[in-house]
Amino acid sequence: MSTRTASEIRADRAAALGRALTALLAVTAYAVAWLVKRSWRRLLPVYWVAAELAVAWVAGPLGLSWQSVAILALAIAATAVSWRARSRTVRAWRAAIAVVLGGSAVATVAAGGPAALAAHPTLTIALPTLAGVVLGWPWWYHLRQQPPPHIESETTSVVVDEPVEVADPLTAHWEQRWQTEVVGQGVCTGTTLVKAIEPRPGVTEALVRLSPGTKPGPLFKSGPDVEVALDLNEGAVGWRSTGKTARLRVILVERSHIADGVPWTGPTYANGRLELVRFTDGSPGHWVVSRPGFGVVGGLVVGSIGTGKSRALGALIANLLDGGAQVAVGDPQNGQSLPAWKNVVEYHPGVEATALLGRRVHAEVMRRSQLLADAGVQAFDENDPRVKALGLRTFIVVIDECQLILIPNTPLVALMEQAAETMRKTGVGLILATQLPQMRSLGGSIRLRDALVAGNALVLRLSNRGSGSTILPDDFVGDPFALEPEIDGKTTAGMGYLRHSNRVGMLCRVPHLDEDAVAAAAPRVPVRWNVPEIDPASPIVLPGHRAPTTAGKTATTPGGGSAVDRLRAAFGTGRRTTTTVVEQVAPATPADWVLACLRRGPASAQALLDRPDCPVNQSQLYTLLGRLKDAHRINPPAQRGGPFTIAG
């Protein structure tokens, strides 16, 4: 066994401390560089004041003369004049900032540097700071203004005798800004702006060409970076695909069309979709109800308290009724969630009634599937003569505050999973709404979330990320947590992101409507069920499974049980009201739990860890997965972070 001396131990500790300090210095330098890179446009005067004070402070210890500082200030002023900018005004004001604060630095160094700062703080510190504020105000004001629709011309001579191809001024202007302010700052690298149009005042739609090897996926998530680079408001940049892998559309909004709210102008249901929201550029955002040859899809609505979630559901219900769809509403809050629609649609208030509605919807989906299969219909189409002969119509079920009935590890969650996964071809659409952005709001079911957001997802402002896995889709673009309750004194209720729309990452707002007036004017469409009501005492049984049996259960059906029991049942004596309890048999060990999860479908380690019923922590789970893999009971993922599967 080797031993180390005290000097060797101290040397090792000093080396470790040096490495830690080096890493800390590197991280600090990177953070400062990143902060300066992202904010130097807006904080240029502030940085100049800090630089002037720093030069005056270090001039004494470093022995800098005022002549050297003057030469440095002149060089910086010349660079500020000649450096490219969006206009001559920016160049001139940038040079003025350099000259004024550079002259202040020269005067302070000539007066004694650090000694002058300590002796005369008003003249050497307060006045330069005030000068930076005074010079910075026109600078910041100019950055907020819309630039002129033309770029400055370096040459004024024009040859009249030869035909000259005149470029589109708007395209030339935005091409220069894109290369200088966006690509030049390391944002959207590998892109080139080739065409720009202005469909509405304050809105620019540009066509961006991608260089070989550039993927469009990361660009969809670069909206906030483009907004910072171009000094635009949040949610002012949206992307959409053009159908060609080498080109994308980018929408740049310099004046929002939803800042003051969106008025309700009536239902807009047409061709299986409806206008539910309005984007910042003034374009409509559509909620898709059905697609030709595809069937009916549902969706998910998420929003914190007071964010306009009920208003969004009201606009959705009004449009669905106008389109002739059958609508049923489940309200676990006993009629408090959507009170305006109580007497307009089939309304189920209370937790028990809403749970029974979910069970009946599952039975309706299975019954419709059988009817359509017998008629030879592959996907629901309301205009199909075979569907009309069966009397089936589009049926949408809206359940608000779904977290009150979707309790993790209960049979109802599995029932709703199966309904959401199979409802598309039957003409039934399920829409769930919740105010908690956690997977527990959907009973911890990732399958239920994926089945719903495959259709539509409207995510309004969220105030708390919560704990555990998020309810947002993995490919969601936008940050609903960054929205403030008020912007410039105006509420942001109804503001959020619509995932289905091709305006990726752009803010939208639900129209403001009087729910009572809209509900009173909406048509009444009765719901036609193909299955009877569900008995509350009956157990929940999934198709393909047998009903649970309970020991010592007294039969209450005619002809069941002993003669004494039948006699009591006939005369009503000795009758007791019992509640059937469906027991969930938990796996005996964590290994059995993992195998049971993987039998339902492939899942990654993170997906298993995010489940609310996970019995182990992260390190224990990875150890358990390693043991099961070594025992050849599960197959490892093909790539890092991929799903595990059952072996054999």
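Contact here means that heavy atoms lie within 4.5 Å of each other. Keep that in mind as you read these notes on a predicted model.

1. Start with tryptophan 178. Leaving out residues up to four places away in sequence, tryptophan 178 touches Val183, Cys188, Thr191, Thr192, Leu193, Val208, Val226, Trp239 and Val250.

2. Now zoom out to the core around it. Trp178 is one of the residues with the most contacts inside the largest nonpolar core, along with Trp287, Trp341 and Leu458. That core has 73 residues in total. Which helix gives the largest share of this core? Helix 10, residues 309–322, with eight residues.

3. Next, look at the surface. Trp57, Val58, Leu62 and Leu64 form a nonpolar patch there, and together they have about 400 Å² of accessible area. Val58 sits in helix 2, which runs over residues 44–62. Is valine 58 buried or partly exposed? Its relative accessibility is 34%, so valine 58 counts as partly exposed, because that label covers values between 20% and 50%.

4. Stay with Trp57 for a moment, and find proline 114. The two are 57 residues apart in sequence, yet their C-alpha atoms are 4.8 Å apart in space. Proline 114 belongs to helix 5, residues 114–119. Which residues is proline 114 in contact with, leaving aside neighbours within four places in sequence? They are Ala56, Trp57, Gly60 and Pro61.

5. Here's a backbone detail to check: asparagine 334 is not a glycine, but it has a positive phi of about 60°. You'll find asparagine 334 in the loop between strand 10 (326–331) and strand 11 (346–349). Why does asparagine 334 count as exposed? Because its relative accessibility is 58%, and exposed means over 50%.

6. With 76% relative accessibility, aspartate 488 counts as exposed.

Note on methods:
Residues numbered from 1 in each chain as written. Predicted model: local features only at pLDDT ≥ 70, side-chain atom pairs only at ≥ 80, totals over all residues. Heavy atoms only, no water. Helix = DSSP H or I, 4+ residues; strand = E, 2+ residues; numbered from the N terminus. Buried < 20%, exposed > 50% of the residue type's maximum accessible area, 1.4 Å probe, protein only. Patch = residues over 30% accessible without salt bridge, like charges linked within 9 Å, V, L, I, M, F, W, Y side chains within 5 Å. Areas by Shrake-Rupley, 256 points an atom, 1.4 Å probe, with all protein chains shown as cover. Salt bridge = Lys/Arg side-chain N within 4 Å of Asp/Glu carboxyl O. Core = buried A, V, L, I, M, F, W, Y, C linked by side-chain atoms within 4.5 Å.
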